[in-house]
Amino acid sequence: MITATLAGAVEEALGDPYDDTNPHGFRALLDASERRAPLVAATPWHVPDGDPESVLHALRAVHRRAPALAPALPAGAPAATAVGASVGSLDSALRITLRHLRSRHLYGAPAIDLPALRALLAGAYADLLLCDTLTTLAVRGTEPLPDRPGALAHAATALAPRALQGAMDRLSVVMGSRFYIREGAHASFQRLLHETQRALFGAGRPVPAPAPVLLTALRTAPAFAGFADPVLLAAAPGLALEGSVRRVPQPGGAVQERLYAELIARYEAGTAFDHTRRALPDRP
């Protein structure tokens, strides 16, 4: 698949983000950030012109390390590309949080086993799936609602930023006091959160979110059902976000169990959380 091939090449060039000797790893990027040094790729590369979806996934590979490391978009790139790239940031935020919870104990048990935390992880993963669907289909130029041209592109650029930022905000709460420790991979969560916020909202105020009825129509359209499970997408907390609201319902019941099981399976397999499921260089 072309989309995965280009992204895979970028992943290989940038290497394991958890490797402290990697010039593109979390440690090096954090050091540069604290020195206020500009982030520049040690290995020169650029985003090529060509298939917009390939470009999108290559940029997601970069955003998994640092949105500030990403080069300018090619001329004529769909507007959803800039938003869709931040799916990579949420991918890393989820992995950092999972690594943290697996190493931490609360009340005599692994933190990862607490039902409330599993619900938050499942919700963040559902938001990632929703934003992956919105932005990927928008970049492809898909029109799920022929009588509402442009509806998907609007949802991708208006709803996805809120959903991505909301998911990362909630994960920062899960990280607890570790969120503020300026050492190790956990310290990169704070940098990643701030860079993602600038990437999503730095250009100005967010576009008004689409009406709930429009979102329902999009989620139930055949193009969506053919890309991702509508049941899982319907559980995304980001669908309930309005304005600056952050307290939203999390997935529950069988849907939560499905989301959490799939999240852990992909994490342990070392594959991307988006639909490409491409292999990643991250060590477990």
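A nonpolar core is a set of buried Ala, Val, Leu, Ile, Met, Phe, Trp, Tyr and Cys residues joined through side-chain atoms within 4.5 Å. Buried means under 20% relative accessible area, exposed over 50%, and partly exposed in between, with a 1.4 Å probe and protein chains only. The model is predicted: local features need pLDDT of at least 70, side-chain atom pairs count only at pLDDT 80 or more, and totals for chains, interfaces and linings use all residues. Residues are numbered from 1 along each chain as its sequence is written, and side-chain values use heavy atoms, with hydrogens and water left out.

**View 1. The largest nonpolar core.** This core has 63 residues. Leu94 and Leu121 have the most contacts inside it. Helix 4 (80–84), helix 5 (87–103), helix 6, helix 7 (151–175), helix 8 (184–201), helix 9 (212–220), helix 11 and helix 12 each supply at least two of its residues. Helices here are DSSP runs of H or I with at least four residues, strands are runs of E with at least two, and both are numbered from the N terminus. Helix 6 provides the largest share of the core, 14 residues. A second, separate core has eight residues, among them Leu14, Leu29, Ala58 and Ala66.

**View 2. Around leucine 94.** Which residues does leucine 94 contact, leaving aside its neighbours within four places in sequence? They are Leu121, Ala124, Tyr125, Leu128, Leu171, Leu263 and Phe273. Contact means heavy atoms within 4.5 Å.

**View 3. The whole chain.** The protein chain has 12 helices and two strands. From the N terminus on, its elements run α-α-α-α-α-β-β-α-α-α-α-α-α-α. Of its 284 residues, 52% count as buried. Take the contacts between residues at least 6 apart in sequence: 75% of them join residues at least 24 apart.

**View 4. The second largest pocket.** Its volume is about 160 Å³. Of the 13 lining residues, Leu129, Phe227, Ala228, Glu262 and Arg266 are the closest to its centre. On a 1 Å grid over the protein atoms alone, a pocket is an open set of points with protein on both sides within 12 Å along at least five of seven lines; a cavity is a set where a 1.4 Å probe fits but cannot get out; lining residues have an atom within 4 Å of a point. Grid points are joined across faces, edges and corners, and a volume is the space filled by probe spheres set on the points. Helix 6 (115–140), helix 11 (230–234) and helix 12 (253–269) each supply at least two lining residues. Helix 6 gives the most, with three. By class, the lining has five nonpolar, two polar and six charged residues. Ala, Val, Leu, Ile, Met, Phe, Trp, Tyr, Cys and Pro count as nonpolar, Asp, Glu, Lys and Arg as charged, and the others, Gly among them, as polar.

**View 5. The largest cavity.** The structure holds one cavity of 30 Å³ or more. About 40 Å³ of space lies in the largest cavity. Arg60, Arg64, Val87, Gly88, Asp91, Leu128, Asp274 and Arg278 line it. Helix 5 contributes the largest share of this lining, three residues. The lining residues divide into two nonpolar, one polar and five charged.

**View 6. Glutamate 53 and arginine 140.** The structure holds 19 salt bridges. A salt bridge is a side-chain nitrogen of Lys or Arg within 4 Å of a carboxyl oxygen of Asp or Glu. Here the side chains of glutamate 53 and arginine 140 meet at 2.8 Å, N to O. Glutamate 53 is in helix 3 (residues 52–63) and arginine 140 in helix 6, 87 residues apart. Glutamate 53 is buried at 10% relative accessibility. Arginine 140 is partly exposed at 43%.

View 7. Aspartate 282 pairs with arginine 64 in a salt bridge, with the closest N and O atoms 2.7 Å apart. Aspartate 282 lies in the segment after helix 12 and arginine 64 in the loop between helix 3 and helix 4, so the pair ties together parts 218 residues apart in sequence. Aspartate 282 is buried at 14% relative accessibility, and arginine 64 is buried at 1%. Aspartate 274 forms a salt bridge with arginine 278, the closest N and O atoms being 3.6 Å apart. Both of these residues are buried. Salt bridges that share partners join Glu11, Arg60, Arg64, Arg65, Asp91, Arg95, Asp132, Asp274, Arg278 and Asp282 into one network.

**View 8. Positive phi at tyrosine 107.** Most residues other than glycine have a negative phi. Tyrosine 107 has a positive phi of about 55°. It lies in the loop between strand 1 (105–106) and strand 2 (109–110). Tyrosine 107 is exposed, with a relative accessible area of 81%.
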